[in-house]
Amino acid sequence: MSPDRLSRRTLLFVNIAHALDHFVLLIYPTAVIAIAAETGLDYATLIGLATGAFVAFGLCSLPMGWLADRFGRRTLLAVFFFGYGLSCLGVASAGSRTAFAVWLLVLGVASAIYHPVGSTMLVTHARRLGRDLGINGVWGNLGAASASGVTALVAAALGWRAAFILPGLVCLAAGAAFVALVPGDGEGTAQKAGGAPLIPVARPLVLLAVFAMAVVAGGMTFNVTTIALPKVLDERLGLDLPLVLTGSLATLVFVFGALTQLLMGRLVDRFSLPTIFVGLSVLQPVGLGLAAAATGVPLVAGLVLITAAIYGQVVVNDAMVARYVPARHRAKAFSVRYFLGFTASGFAVPLIALLHGMGGFPLVLAAAAGFGAVVFTAAVAFHAVAQAAPARPAAPAE
């Protein structure tokens, strides 16, 4: 197979995997509304059962880069497809709180594979870094966007178990197609965006610390928003909507995030990454603050702002790893980046349960706005440190 054809196929399956990764992980936050109605358990109890999944989503990201270097990125992505499919079927079979917690934990471990491995594969095979990151981000966001609406529709028509069974079968089919059509990892070339010049940095350790702070805080705003959004609309929109319409509205809000990622991909190819970082980070505390204080249409406006900000930030963060980290270290760098963001954000689930019980979603969103303010502060610091980079020709990436 020619390198070009292998790259095109690899990018296609990486995009499909990104969509499935976010779709499947967000089935439960919507399905839990139907599960609560069937079991009689309260929302705080049921949403808390997903804690293990979201902690594993981050914690297990750390070794994935090392495993990919040892066993191959293609092998790890195949494990992702098949592991995700089987864990979906496991959740569908759950009949007790313990079974839910165990199968959701397995699902979280499988979900941890995609971002470190898929992001490295994307950067390796990309032709234009920003454009391909943006397209990949749209796939992931559309997966997240459609999760609420599709889950609500399937749960209402066929029951909540079917909302896990059908995506599980899709994951297994995608895995079989991936193994059949993508014969190996392949390598990027100097002409591809994966070989883009590195950006020189005067104080790399300081820049790394600031970036880590933004990743951790951004992970919290990301997970609080995406997990709580269906229930926020259910409680605070001010309309008595059925589950299907609530899920559809949540999907519409997530679509704005997809559009933002496409825009960010174009901007990354044209403008300074630190400048984009600062401009985008402003939207996080503003959107969350508005959502915390408002109901009705202003609430939706605030949710649109924050969704655009958090999903646009994903593209910018991945572009930073691609441009500031040498190629030989990228798989490990992506592992650390997602380990920090997702492990910290795994605590979003118990935080939502705790704060929702204390003061409802105004308190949950206000706390998230605080994390958004940290992201903005880190972005300003990152810009200042990056501006101090030595003005010398960049060495080519390896």
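Biologist: What kind of model are we looking at?

Modeller: The model is predicted.

Biologist: How much space is in the largest cavity?

Modeller: The largest cavity holds about 220 Å³. Its lining is made of 21 residues, and the closest to its centre are Gly218, Phe222, Val314, Asn317 and Arg337.

Biologist: Which elements give two or more residues to that lining?

Modeller: Those are helix H1 (3-25), helix H11 (204-236), helix H15 (296-324) and helix H16 (330-345). H11 gives the most to the lining of the largest cavity, six residues.

Biologist: How do the residues of that lining divide into nonpolar, polar and charged?

Modeller: The lining of the largest cavity has eight nonpolar residues, 12 polar and one charged.

Biologist: And the second largest cavity, how much space lies there?

Modeller: About 60 Å³.

Biologist: Which residues line the second largest cavity?

Modeller: The lining consists of His22, Leu25, Leu26, Phe54, Phe57, Phe222, Asn223, Thr226 and Tyr311. By class, six are nonpolar, three are polar and no residue is charged.

Biologist: Which helices supply at least two residues each there?

Modeller: H1, helix H4 (51-59) and H11 do. H11 gives the most to the lining of the second largest cavity, with three residues.

Biologist: Stay with H4 for a moment. How many of its residues are buried?

Modeller: Seven of the nine residues of H4 are buried, so the helix is largely enclosed by the rest of the structure. The buried ones are Thr51, Ala53, Phe54, Val55, Ala56, Phe57 and Gly58.

Biologist: How many salt bridges does the count come to?

Modeller: The count comes to three salt bridges. One of them joins the side chains of aspartate 4 and arginine 127, at 2.7 Å from N to O.

Biologist: Where do aspartate 4 and arginine 127 lie?

Modeller: Aspartate 4 is in helix H1, while arginine 127 is in the loop between helix H8 (114-125) and helix H9 (129-158). The two are 123 residues apart in sequence, so the pair ties together those parts of the chain.

Biologist: Which side chain does aspartate 132 meet in a salt bridge?

Modeller: Aspartate 132 meets arginine 131, at 3.2 Å from N to O. Aspartate 132 counts as buried because its relative accessibility is 8%. Arginine 131 has a relative accessible area of 25% and is partly exposed.

Biologist: And what does aspartate 318 pair with?

Modeller: The side chain of aspartate 318 meets that of arginine 337 in a salt bridge, with 3.1 Å from N to O. This pair links distant parts of the chain: aspartate 318 is in helix H15 and arginine 337 is in helix H16, 19 residues apart. Aspartate 318 and arginine 337 are buried.

Biologist: Now asparagine 15. Where is it?

Modeller: Asparagine 15 lies in helix H1. At 10% relative accessibility, asparagine 15 counts as buried.

Biologist: What does its side chain make a polar contact with?

Modeller: The partner is the side chain of asparagine 136, at 2.8 Å. Apart from neighbours within four places in sequence, asparagine 15 is in contact with Ile135, Asn136 and Trp139.

Biologist: Last one, glutamine 284. Is it buried or exposed?

Modeller: Glutamine 284 is buried, at 1% relative accessibility. Its place is in helix H14 (residues 283-293).

Biologist: What does glutamine 284 touch?

Modeller: Not counting residues up to four places away in sequence, glutamine 284 touches Thr221, Ile306, Ala309, Ile310, Gln313, Gly372 and Val375.

Biologist: How many Å apart in space are glutamine 284 and phenylalanine 222?

Modeller: From C-alpha to C-alpha they are 9.7 Å apart, and in sequence they are 62 residues apart.

Terms used
Residues are numbered from 1 along each chain as its sequence is written. This is a predicted model: local features need pLDDT of at least 70, side-chain atom pairs count only at pLDDT 80 or more; totals for chains, interfaces and linings use all residues. Side-chain values use heavy atoms; hydrogens and water are left out. On a 1 Å grid over the protein atoms alone, a cavity is a set of points where a 1.4 Å probe fits but cannot get out, and a pocket is an open set with protein on both sides within 12 Å along at least five of seven lines; lining residues have an atom within 4 Å of a point. Grid points are joined across faces, edges and corners, and a volume is the space filled by probe spheres set on the points. Helices (H or I, at least four residues) and strands (E, at least two) are DSSP runs, numbered from the N terminus. Ala, Val, Leu, Ile, Met, Phe, Trp, Tyr, Cys and Pro count as nonpolar, Asp, Glu, Lys and Arg as charged, and the others, Gly among them, as polar. A salt bridge is a side-chain nitrogen of Lys or Arg within 4 Å of a carboxyl oxygen of Asp or Glu. Buried means under 20% relative accessible area, exposed over 50%, partly exposed in between (1.4 Å probe, protein chains only). A polar contact is a pair of N or O atoms within 3.5 Å; within protein, one must be able to donate a hydrogen and the other to accept it, and residues adjacent in sequence count only if both atoms are side-chain atoms. Contact means heavy atoms within 4.5 Å.
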